[in-house]
Each structure stands twice: as structure tokens, then as C-alpha cells.
Amino acid sequence: MTRLTSAFTAAAAQHRAALVTFVTAGDGDTAAILDALVAGGADVIELGMPFTDPMADGPAIQAANLRSLAKGTRTADVLAIAAAFRQRHPDVPLVLMGYANTMTRPTPGAFAQKAGEAGIDGTIIVDIPPEEADEIAPFAAHGIATIRLATPTTDAGRLPAVLSGATGFVYYVSVAGITGLQQAAQDSIEAAVAKLKAATDLPVAVGFGVRTPEQAAAIGRVADGVVVGSAIIDLIAANGADAPAAVRTYIQSLSAALAEARKEPA
């Protein structure tokens with residue numbers, strides 16, 4: 001099995017949702033923060049590739065992108081961070097998240113080869129729709145999953161196109177907006193997850209707006225994974241050199257909530 005499949009399978013065997021976490025590469029001491037995510041109990045890690053125009057992201061992640069770019073972070077640096085992480089953590093899935101400009105240069109094939117060599121398990125490319133999936137066809141040859149995004153506006157007519165060719169897991173964006181600012185109502189999340197799980201055998205992870213252990217637990221009762229990003233970015237920004245310790249404590253609280261979520265009455 002791939003690392004992604006193994007992570008979701010292991011979480012399901014423990015009767016809990018997988019904890020999927022996001023940080024921006026180059027924002028703070030990324031290596032130490034990634035280690036803190038693992039130590040805290042993250043099952044899958046999304047590593048954001050800094051970009052000047054992150055259209056799907058809210059103020060927190062926009063600021064993280066700018067902080068990273070101001071330090072001079074480039075694609076080679078992101079892949080070096082990933083390769084070093086893979087040496088330290090051979091079994092933890094690592095997914096690159098970002099935009100086409102950062103993951104198709106100099107060519108999709110060349111990028112895929114370098115990402116595969118660095119130990120990347122998958123990509124989430126926000127601005128490449130299914131109709132343009134041929135552009136990243138080389139990724140599969142290097143063992144890199146194509147993780148697709150579904151949203152509240154993905155209707156029954158659109159869903160088959162979104163799921164066609166998807167691998168790894170499906171990321172359900174629970175709000176029609178940008179990251180970090182709001183959370184969808186629980187009943188709408190439950191209905192969307194049910195619709196997706198009826199249409200695919202891939203794990204379904206839910207993100208956008210998840211901040212508290214209570215929110216994570218509620219989603220974790222119905223979804224295969226819970227994605228947390230902006231809240232982690234806020235901790236990094238607020239804690240400076242102490243960010244790894246703060247992140248680890250926070251992730252432990254989310255992990256504990258997910259471990260208990262399905263033991264409680266729904």
C-alpha cells in the first residue's frame with residue numbers, strides 16, 4: 001500500500017478519522033514544526049508551496065506565504081525540506097499543496113521526478129481543474145497521488161469529473177470561500193460526506209475552518225479525515241521560536257479529540 005492508503009487504513013482500524021495537517025514550507029523552523037506535527041499525532045502532512053497569489057487562502061496562510069517568500073524560499077528549498085523529512089519519517093505521508101505555477105515548472109515531468117525523489121506522496125493543486133489533468137499526467141509515474149478538491153458547489157453533474165482520476169483521498173472544502181475564516185454547519189458537512197462516500201471508495205477528508213478539538217471531533221465522526229491548517233499557521237506566527245512546542249501541544253489536543261470522537265454518542 002502507499003503511505004497515504006496506509007495512514008487512512010490505520011486510522012480506520014483505530015476507529016477514528018485521520019488527522020491531516022497543513023503548514024507552509026519556509027514559514028518558521030519548518031523542519032522542527034514538521035517533527036512537532038508528527039510527535040503530536042498528525043497522520044498526513046500537507047506542505048504548502050509558497051506562492052505570491054494564493055487565491056484559495058485566507059489572511060493567515062497568505063501571510064505565511066509572504067513570510068516564507070521574504071526569506072527567499074524557492075521550489076528547491078521546499079523539496080529539500082521534504083527530502084530531509086522523508087529521511088526522518090519514512091512512513092508519514094507528505095503531500096504538496098499549492099498552485100500550478102509552483103508545481104509545473106520547468107515542466108510537469110521534471111517537477112514530478114524531483115518531487116518523487118524527495119519522497120512526496122501526493123499533490124493538491126488548487127487551480128488545475130479535472131479538464132486540465134493531462135498537464136500533470138507525469139505525476140502518477142512517480143508514485144504521486146492526484147488529490148482532488150470537492151466543494152459545496154460541486155453538484156451531481158460535476159462530481160464524476162472531479163472524482164475521475166482522483167487518487168490518495170478526496171479533500172472536501174466545506175465552505176464556498178477561502179481558508180481559515182468560517183466553518184460550515186455540521187449538517188451540511190454530513191450530507192456532503194455522505195454524497196462523496198456514495199460516489200467513491202477513496203477516503204474523504206474535510207477541511208477549511210476547523211480550529212478546535214470539538215470541531216475536529218464532530219467532523220471526525222462522519223469523515224475519514226479532518227484537515228487543519230490556518231489554526232496551525234496562526235500558532236507559528238504567534239509563537240516564533242517556540243512554535244514547535246506550541247504546535248505539538250495543539251496537535252495532541254486534536255489527535256486526542258479524534259481518538260475519542262467515535263466513542264461518544266453522536
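Predicted model: local features only at pLDDT ≥ 70, side-chain atom pairs only at ≥ 80, totals over all residues.

Reader: In which sense do strand β2 and β3 pair, and over how many bridges?

Author: Two strands pair if DSSP finds at least two bridges between them. Here β2 (residues 44-48) and β3 pair in the parallel sense, over 4 bridges. I45, for instance, has L94 of β3 as its bridge partner. Strand β4 (residues 122-125) also pairs with β3, in the parallel sense and over 4 bridges, and the bridge partner of M97 in β4 is I124. Strands (E, at least two residues) and helices (H or I, at least four) are DSSP runs, numbered from the N terminus.

Reader: How many residues of strand β3 are buried?

Author: Buried means under 20% relative accessible area, exposed over 50%, and partly exposed in between (1.4 Å probe, protein chains only). In β3 (residues 94-98), 5 of the 5 residues are buried, so the strand is largely enclosed by the rest of the structure. Both faces are covered, with L94, L96 and G98 on one side and V95 and M97 on the other.

Reader: Is T24 buried or exposed?

Author: T24, which belongs to strand β1 (residues 18-24), is buried, at a relative accessible area of 2%. Contact means heavy atoms within 4.5 Å. Leaving aside neighbours within four places in sequence, T24 is in contact with T30, G48, P50, I61, A64, N65, S68 and I233. H89, in the loop between α4 (75-88) and β3, also counts as buried, at 16% relative accessibility. With the neighbours within four places in sequence left aside, H89 is in contact with D35 and V38.

Reader: At what angle do helix α11 and α12 pack?

Author: Axes are lines fitted to C-alpha atoms, for helices over the stretch in contact, and angles run from 0 to 180 degrees between N-to-C directions. Helix α11 (residues 230-239) and α12 pack at about 150°, with their axes 8 Å apart. That makes α11 roughly antiparallel to α12; angles under 35 degrees count as roughly parallel, over 145 as roughly antiparallel, 65 to 115 as roughly perpendicular and the rest as oblique. The contact is made by A231, I232, L235, I236 and N239 of α11 and by A243, A246, V247, Y250 and I251 of α12. By class, this contact of α11 with α12 has 9 nonpolar, 1 polar and no charged residues. Ala, Val, Leu, Ile, Met, Phe, Trp, Tyr, Cys and Pro count as nonpolar, Asp, Glu, Lys and Arg as charged, and the others, Gly among them, as polar.

Reader: Which residues make the contact of α2 with α12?

Author: The axes of helix α2 (residues 30-40) and α12 come within 8 Å and cross at roughly 25°, which makes α2 roughly parallel to α12. A32, I33, A36, L37, A39 and G40 of α2 meet P244, V247, R248, I251, Q252 and S255 of α12. By class, the contact of α2 with α12 has 8 nonpolar, 3 polar and 1 charged residues.

Definitions and conventions: Residues numbered from 1 in each chain as written. Heavy atoms only, no water.
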